[in-house]
Amino acid sequence: MDIISLRAVSKSYPSADTRLQVLREVDLDVEEGEFAVVAGPSGSGKSTLLNLMGALDHPDSGAVRIDGVDLAGRSDRALANLRNEKLGFVFQSFHLIPVLTAVENVAWPLFLKGVERRRRVARSRELLTRVGLAEHMHRTPGRLSGGQRQRVAIARALACEPKILLADEPTGNLDRKTALEIMDLFASLNRDGRVTFVFSTHDPTVVSYAGRRLSLAEGKVDDEPLGVTRHEDSAHA
Ligand SMILES: Nc1ncnc2c1ncn2[C@@H]1O[C@H](COP(=O)(O)OP(=O)(O)OP(=O)(O)O)[C@@H](O)[C@H]1O
Ligand SMILES: [Mg+2]
């Protein structure tokens, strides 16, 4: 089943005297359980595409469906509920809450969902441990490195067990060893939990885990299947 579906999706932004056309009538289907990467040069529209898939922005025209739900005409509240129920998002610039500690940041979406305190703290600790941050749980983002913040953002995106994880350059701030560990975590969720992944990336390590590459150029998507070259067994070889 297609869990993400775009039909003739166009998106532009206002620019000096005209509009900048970023996506031009893009058709795209992502099946449940796929692991896709979005590639393309800086400014080609990767974040724009992920924002549309994540119900964070509206297209100028065309239809976006997430898990069978057509997003057109839905209220902001309905879209927020859909995001909270089904989607995890790792932003390019993380968007952590500066006054909350790592463990509180990860627990935040669980709080919004009404999960009781003991359970949200336990889940948050477990995820931070899985991303290698057990020692730094009680620091605020200002006292964490870029790569540590990125891992808090990843843990937060996984907090509510999303069906779809959209991540904008999720390894952009990680060294290779940490990137491999995080990718192994994602691969296990993809394999065992059937979580669908769409990641924007320039990182060949990430691409080596993906089954499909969506390359953006001039507002169009070039769709290319990939032979997966890296699995958990070989990751630390
Ligand atoms: N809110 C906005 N208002 C105006 N222009 C925007 C806005 N967001 C993005 N753009 C422009 O749209 C184009 C696509 O931007 P986008 O952020 O999707 O690119 P990207 O592929 O994610 O780039 P990068 O690799 O640098 O993250 C860029 O030219 C950018 O300047
Ligand atoms: Mg971007």
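How many residues surround ligand 1, and which are the closest?

Reply: The model is predicted, and for that reason local features need pLDDT of at least 70 and side-chain atom pairs count only at pLDDT 80 or more, whereas totals for chains, interfaces and linings use all residues. Residues are numbered from 1 along each chain as its sequence is written, chains are lettered from A and ligands numbered from 1 in the order in which they are written, and side-chain values use heavy atoms, with hydrogens and water left out.

Ligand 1 is surrounded by 14 residues, of which Ser42, Gly43, Lys46, Thr48 and Gln92 are the closest. A residue is taken as near when one of its heavy atoms lies within 4 Å of the molecule. By class, this shell consists of eight polar, four nonpolar and two charged residues. In that scheme Ala, Val, Leu, Ile, Met, Phe, Trp, Tyr, Cys and Pro are nonpolar, Asp, Glu, Lys and Arg are charged, and the others, including Gly, are polar.

Ligand 1 exposes 640 Å² when taken alone, and the protein buries 62% of that, the areas coming from the Shrake-Rupley method with a 1.4 Å probe.

Two elements give two or more residues to this shell: strand E2 (19-31) and helix H1 (46-53). Helix H1 gives the most, with three residues. Helices (H or I, at least four residues) and strands (E, at least two) are DSSP runs numbered from the N terminus.

Ser47 belongs to H1 and Gln92 to the loop between strand E6 (87-90) and helix H3 (102-112), so the pair ties together parts that are 45 residues apart in sequence. Ser47, at 23% relative accessibility, is partly exposed, and so is Gln92 at 44%. Buried means under 20% relative accessible area, exposed over 50%, and partly exposed in between (1.4 Å probe, protein chains only).

Strand E3 (residues 35-39) is mostly covered, with five of its five residues buried. Phe35, Val37 and Ala39 point one way from E3, and Ala36 and Val38 the other way. In a regular strand, side chains alternate between the two faces of the sheet.

E3 pairs in the parallel sense with strand E8 (residues 196-200) over four bridges, and Val37 stands opposite Phe199 there. Four bridges also join E3 to strand E9 (residues 212-217), again running parallel, with Ala39 opposite Ser215. Two strands pair if DSSP finds at least two bridges between them.

Strand E8 also contains Ser200, which is buried at 0% relative accessibility. The side chain of Ser200 makes a polar contact of 2.5 Å with that of Asp168.

Note on methods
Polar contact = N/O pair within 3.5 Å; in protein donor to acceptor, adjacent residues only side chain to side chain.
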